[in-house]
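Please examine the sequence and the structure shown below before reading this report.

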There are 2 protein chains.
Amino acid sequence: MYSSELIKGTLRTIVLKLLADGNKMYGYEITQRVKELTGNKIQLTEGALYPTLHAMEAEGVLSTHTENVGNRIRKYYGITRSGKKLAGEKLSEYRDFINTMVTLLDLQLKIG
Amino acid sequence: MYSSELIKGTLRTIVLKLLADGNKMYGYEITQRVKELTGNKIQLTEGALYPTLHAMEAEGVLSTHTENVGNRIRKYYGITRSGKKLAGEKLSEYRDFINTMVTLLDLQLKIG
DNA sequence: TTATATACCTAATATTCTTATGTATTATTT
DNA sequence: AAATAATACATAAGAATATTAGGTATATAA
């Protein structure tokens, strides 16, 4: 786990990336997927994620529909056309930012 | 310039890196140096930097002394022993975080 | 002489997170 | 069978960290 302030500002980008290829996900699933993809290093908190998902829906970058699984409700989020556009912009911007920070801080990254 | 939320959480790390090798700097100089090192991409705002420098001094990771240049005062910040330790930790943590984000977002970075 | 650059600072506000709390269903362990 | 953990949603108080705007003052360039 990282000291949490590093996550700040990256949450929307993470969500957009996960949904960018068109597959829908529900909130809890996003937390688990991120946890899995990062080897438990990033654990999104629900208190951060849910309000962000609501905001992104209100902004028109995500759309939702609910599905019933037994007696439980899942609220699935999918990306909209404008969300797809935003995903490209955000990812490009973040990549550029990372490059800048790597230079500024003289970081040695893993090669992959 | 990046949408500013990306900078969040990195300011202390940037300051620690710049001062980690022992050379002292004053606030305004830090803003100019970061601007120069990032090709104008990161412009620290004084409203963020000065309170952060004060906090870091209060926390004992930075120490200060003032110098007069003509009739102007410069407040120089230097790193303390505990600051040097923190710098190592923060930079290591940030490098690890970047590696994780690169994997998670599948980013293609410049090779350097 | 007017604007820009240098150099410090604070305060109000905004954003984004953590932590805590709440509800409810389903699966697992004791 | 009962207790706990996992699943799944949500909100609210508070903390942290930034922006924006404002203030003071000296030095330099147009």
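## Relation of the two chains

The structure is a predicted model. Chain A is superposed on chain B by a rotation of 180 degrees with 0.0 Å of shift along the axis, and the RMSD is 0.1 Å. The two copies are thus related as by a two-fold rotation axis. Both copies use the same surface, since 100% of the contact residues of chain A recur in chain B.

Which residue of chain A comes closest to the rotation axis? That residue is Lys8(A), with its C-alpha at 3.2 Å.

## The sheet of chain B

In chain B, three strands form an open sheet in the order E1-E3-E2, and the pairing is antiparallel. Strand E1 (25-26) and strand E2 (62-69) of chain B are the edge strands, each of which pairs on one side only. Two bridges link E1(B) to strand E3 (residues 72-79) of chain B in the antiparallel sense. Tyr26(B) stands opposite Tyr76(B) in E3(B).

Helix H1(B) packs on this sheet and touches E1, E2 and E3 of chain B. The direction of H1(B) makes about 90 degrees with that of E3(B).

## Strand pairing in chain A

Strands of a sheet pair through backbone hydrogen bonds, in either a parallel or an antiparallel manner. In chain A, strand E1 (residues 25-26) and strand E3 (residues 72-79) pair in the antiparallel sense over two bridges. Tyr26(A) stands opposite Tyr76(A) in E3(A).

Strand E2 (residues 62-69) of chain A is joined to E3(A) by eight bridges, and these strands run antiparallel. Within this pair, Thr64(A) stands opposite Tyr77(A) in E3(A). E2(A) and E3(A) form a hairpin with two residues between the strands. In this hairpin, Gly70(A) takes a positive phi near 65 degrees.

## Packing of two helices in chain B

Helix H1 (residues 11-19) of chain B packs with helix H4 (residues 81-105) of chain B at an angle of about 125 degrees, and their axes are 9 Å apart. H1(B) and H4(B) are therefore oblique to each other. Their crossing is left-handed.

Which residues of H1(B) meet H4(B)? They are Thr13(B), Leu16(B) and Lys17(B). On the side of H4(B), the residues are Gly83(B), Leu86(B), Ala87(B), Lys90(B), Leu91(B) and Tyr94(B). By class, this contact of H1(B) with H4(B) has five nonpolar, two polar and two charged residues.

Technical notes: Residues are numbered from 1 along each chain as its sequence is written. Chains are lettered from A and ligands numbered from 1 in the order in which they are written. This is a predicted model: local features need pLDDT of at least 70, side-chain atom pairs count only at pLDDT 80 or more; totals for chains, interfaces and linings use all residues. Side-chain values use heavy atoms; hydrogens and water are left out. Axes are lines fitted to C-alpha atoms, for helices over the stretch in contact, and angles run from 0 to 180 degrees between N-to-C directions. Helices (H or I, at least four residues) and strands (E, at least two) are DSSP runs, numbered from the N terminus. Angles under 35 degrees count as roughly parallel, over 145 as roughly antiparallel, 65 to 115 as roughly perpendicular and the rest as oblique. A crossing is left-handed if the near helix is turned anticlockwise from the far one by less than a right angle, and right-handed if clockwise. Contact means heavy atoms within 4.5 Å. Ala, Val, Leu, Ile, Met, Phe, Trp, Tyr, Cys and Pro count as nonpolar, Asp, Glu, Lys and Arg as charged, and the others, Gly among them, as polar. Copies are superposed by least squares on the C-alpha atoms of residues with pLDDT of at least 70 in both. Two strands pair if DSSP finds at least two bridges between them.
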